[in-house]
Every structure is written in C-alpha cells, then in structure tokens.
Amino acid sequence: MTASPSEAPESPKAQRKVTLYRNGSVYTAADPFATAMLVDGDTVAWVGSEQAATSIPDSSMEVIDLQGGLLAPGFVDSHVHLTETGIALDSLQLGGVRSAAELLDAVARSGSAAGGPVLGHGWDETLWADPTLPSREELDRAAGGRPVYLSRVDVHSALVSASLAAASGLVGLDGYSDGDSDGQVKRAAHTAARLAARKLPADALRGYQQAALAEAAANGYVALAEMAAPHIGSIEDLQLAAGWNDGGRAGEAVPEILPYWGQLAGSAEHAQSILDSLGVPVLGLAGDLNMDGSIGSRTAALRSDYSDAAGERGSQYLSADEAAAHIAACSVLGIQAGFHVIGDAGLDAALEALDRAAADVGEQRVRAAGHRLEHVEIADPEAISRLAKYSVTVSAQPAFDALWGGQGSLYAQRLGSRHAAMNPFGSFYSAGVPVCFGSDSPVTPLRPWSSVRACLEHHNADERISARAAFLGHTRAGWRAARYRNPMAGQLVPGAPASFAVWEVEELMVQVADGRVQSWSTDPRARTPLLPALDTGNDPVCLQTVRDGVELFSAGSLGS
C-alpha cells in the first residue's frame, strides 16, 4: 500500500543511513505508478509518487536522482558456479573460434606462465564448418608442453592435452578414448580432468570467486545460488563461496550466496553426516547432482537415439533407486534434494524416484521439502503433471533456448523434431509447476535481461511467457525456490529488504508473450508495473546494485 505524504516515514535515526530515490520508475506491487522509494537502513520504508516525495527529504538524508531510470528488485541467479565463472572470465575465451586450427592458435598465443596450466572455456564444435576436434598431442604442441584444459560451452566435456591426461590419470577412465582420437573427454574422465586442472590454492579460488561476484553485481544480481558438488570442486571451494555471506576476509559487499551441495545420500543419517562434514550451512543436497549430462556433449539421457549419432542415448549417472533413497533421506530431514536433469530418460528416472520416495516416507513429506530439479529441458505433459504433483521447482535457463533452440540449431542437430518441445516454460506455468530462472554460468553469461528476453522470444511460440512472468522468475521466484528466510524478499514494498538495481532504460512497457495481445498499455486501470522494452536489441544498463541497503556496484552516473 502506498503512503501519502502525511503517512511518510518520520525523520531517520542518526545512526542509520536513509536514502531517497526519486525521479524515476519503481517496479513495485505497491503502486504501479511509483516514481520514488525511501530506504531506511536495510529496509524499504516507503514507495510512492514524486509529489509525495517532495515532502520527505531532510538535511540528514541522501537523495539520489534516478534521472528517469528504472529501480527494480535485484535479480537472483538460481544456478551458478562461482569459481568456474571466475576461471572462465580470466581464461581463454573460445566462444568465437570456428575451427580446430583457430583453437590451437589461441592456445599457442596464451599468456599462461611457463609450466602453468592453459585454461579456456566456451568452444562449440557445432558452429564449426569442420567439427573435427584437435588431438591431445596437438594441444600439447600448441601449449609447449603445458597442461591444457579447455571446457566445452556446456562444461560437460573438455579438450585436454596429453600431459594433463597423464598427470591426472585419465587413461582407462570412462569417457577417455585411447589411440589417435581427439582430445575430448567426458563423464568420469572429464571429472578427473576438471578437478586436476582447477586444483588451486585458496587465494586463487577466492580471487576467481571475487571476479565472478563483481561480474554479477555489475549486472544487477543481488543473490546467486551456488551449485557446488564434489565432481566440480572441493568442500573448501564451497566453504569459500559460503564465506562471502560473512563478508569474506575484508568485509566486501557482494551478492548473497545461496549455497547447495550436490552429494548423494543413502539415508537420513548419511545425509546428516554429509551436512555435518561441510563446515558451512547449505540449503540442501541438491543442484548439480547429475542424473545425466548435456545435449551438446551427447551425455543427456534420452529415451531414443541422438539424431546425429545412431546408437547413442547419453548417460544416466544415477539409478532411480539411488535417487529415491536420496530424496527420501532429504525429505525426512526437511531439506531440499535435487538433481541436474536434462534428457527425457533422465527425467523419467527422477520422477520414478519421487514416486518411490513418496511411497517410502509419504507424499506430504516429499512435497513439503521443496525439492528442485535443474534444467529439465525435455518434459512431456505427463512428466510436467507429475512434477506439479510433488511441487518440484524447475530451475531453468532461458538462454539455452536463445542459443541452441530453433531450426538449424544445436538442439535440432542433436534431437531432430524433438527439439520443438524443449524448455516448455509456458507448459510449466500452466500446470502449476514452480519455476525459477538462472544462467548456469559460465555456460551462459550473467545477463539477466537477455534471459528475460529469451522467455519472450522462445523458439516455440506456445512456450513463451510474458516479461512480467519471466522477471518474477528471475527475482522473487529465486528467493522462494531457495526457501529464503524472509518471505518479502524479491519485492519492493514497505518492510521488504532493500535489495534492488537501478537501470538506464530506453523505454518502459508492458510486454506479453502472445503477439496477438496488445503489448503496451496506457490505461491506468491496467495497474501493471512497467518493465524495459526488450525488442530494441539493447539490454538495459545497470547503474547501481544494492543488497540490504548496501551498495554492491555503481556506474557512478547517479547524482544527488
């Protein structure tokens, strides 16, 4: 409810910072026409009109002119890998290479210190005219003998040099090919290679995480769900990530970390022992506990063959029995369980596990624990109905569709006509499946408005959702998916946490998913808060990011 000038908060207490933002647009359910907001300490104290705001300022208050910008709830990325993101930002950027020769040239030009590993990320052979990958020996020669680890864009496989393969004991592991094959490793061999390549001292890990957090803050994120797991990094890595919530070592202001640990438990006692061993609190044994792999690396578990690889159906890493025991254990403890699930066969196993866990510990316990599944890219109507039955949250990545959906895309290459039904956001919403959104960074960049746009422009018109639904999926829904302690998080109303971002925008409008419906409105009866127009080709520019009243990022262009 919007306060009138006479109801505006009293003068601020001297020991608490009070800031008035005015002369812009405020995205709030309290008033769709709000142009000003008052922040008292870590809390939103008032939202209202410019006219009302003129009576609020006093000499002890900081007043910030929004200059017509948009002030909106800060974004929550519901699936991130902090250290991996930092490494990708600081290593070879391979998304632009278009051949094995170009990739080898990039490795040869690498400025890595002599003897240090050559790290890179983002290559995608489906964009190359000739998808032939370089061999381990070619990578060795290009790097001058230094170990090489170059993660594929989906981070479910990598190119590794012969020296790294030998040093990390890859020979004989599942996913490692002998002979004169290319340097790509998958499954167990990839896990071993990744852990070997990123076996770094704590200061280096912390530096990479700091870089990732700075990137997130500069793009309007106030919270990140860290999806840690033993096959990705160590417990020390998780502890460093969770430690940012205590200010790190120097009290840095950074986005809040929502930590998960993806380790399989066989019983409630086992689950509790895992939790006790971590040394930091986590929200659940969920996230990147892999049921299967990825479509790009052909490791996502499918019901039928990949269209471009006869006889291949991917890899299922966990059985339904193992997953059921894990879900049951977490349900008994009242914590979230969850899995990385992409293929339809992988989802079949996860749903069977939910049924078995419900039969074991009761459906109500399973529903109450708030379990989640990451990605869920291939789901038919029956599967979607079963997800709704158990109130399972789907943590999805809209940018996957923007990058790899549509005719002629990676998904079309790998799956043929099956790709049309992928990433069924509209169907999830229609069935009542809770949905939240993220980037899976470093798989896709920390660019939230591009992700919102991807929901509006889904390759399948039937699966598009409105900008408002997509925005809520990237903000309030992220807090809800993590069962955050403050139910008001993710909205800007009096009493809510002062966690928001200020954006420079070209135009504000109401945007819907159906092109037949008017996508803008000047009718005040609509009372729909406005969001940036995303059909201009340009993302809004972040001017400031604030979490709980503390500035995380400033572009330096907001004035008093």
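Me: Over the ring of which residue does the charged end of R372 sit?

Reply: The general idea is that a charge sits over a ring if CZ of Arg is within 6 Å of the ring centre and within 35 degrees of the ring normal. In this predicted model, the charged end of R372 lies over the ring of Y260, at 4.8 Å from the ring centre.

Me: How many aromatic pairs does a search of the whole structure find?

Reply: The search returns 13 aromatic pairs. To read one, consider the angle between the planes, since a value over 60 degrees counts as edge-to-face. For Y21 and F500 the planes stand at 85° and the centres are 5.2 Å apart, so this pair is edge-to-face. The pair links distant parts of the chain, with Y21 in strand β1 (residues 18–22) and F500 in strand β20 (residues 500–504), 479 residues apart. Both Y21 and F500 are buried.

Me: Why is the pair of W449 and W503 edge-to-face?

Reply: The planes of the W449 and W503 rings are at 85°, with centres 5.5 Å apart, and the pair is therefore edge-to-face. It too joins distant parts of the chain: W449 belongs to helix α17 (residues 448–456) and W503 to strand β20, 54 residues apart.

Me: Is W449 buried or exposed?

Reply: Burial is read from relative accessible area, with under 20% counting as buried. W449 has 1% relative accessibility, so it counts as buried. W503 is likewise buried, at 2%.

Me: Which residues do ring pairs link into a cluster?

Reply: The cluster comprises Y27, F75, Y221, W449, F471 and W503, linked by ring pairs.

Terms used: Residues are numbered from 1 along each chain as its sequence is written. This is a predicted model: local features need pLDDT of at least 70, side-chain atom pairs count only at pLDDT 80 or more; totals for chains, interfaces and linings use all residues. Side-chain values use heavy atoms; hydrogens and water are left out. Rings of Phe, Tyr and Trp (its six-membered ring) pair if their centres lie within 6.5 Å; planes under 30 degrees apart count as stacked, over 60 as edge-to-face and the rest as tilted. Helices (H or I, at least four residues) and strands (E, at least two) are DSSP runs, numbered from the N terminus. Buried means under 20% relative accessible area, exposed over 50%, partly exposed in between (1.4 Å probe, protein chains only).
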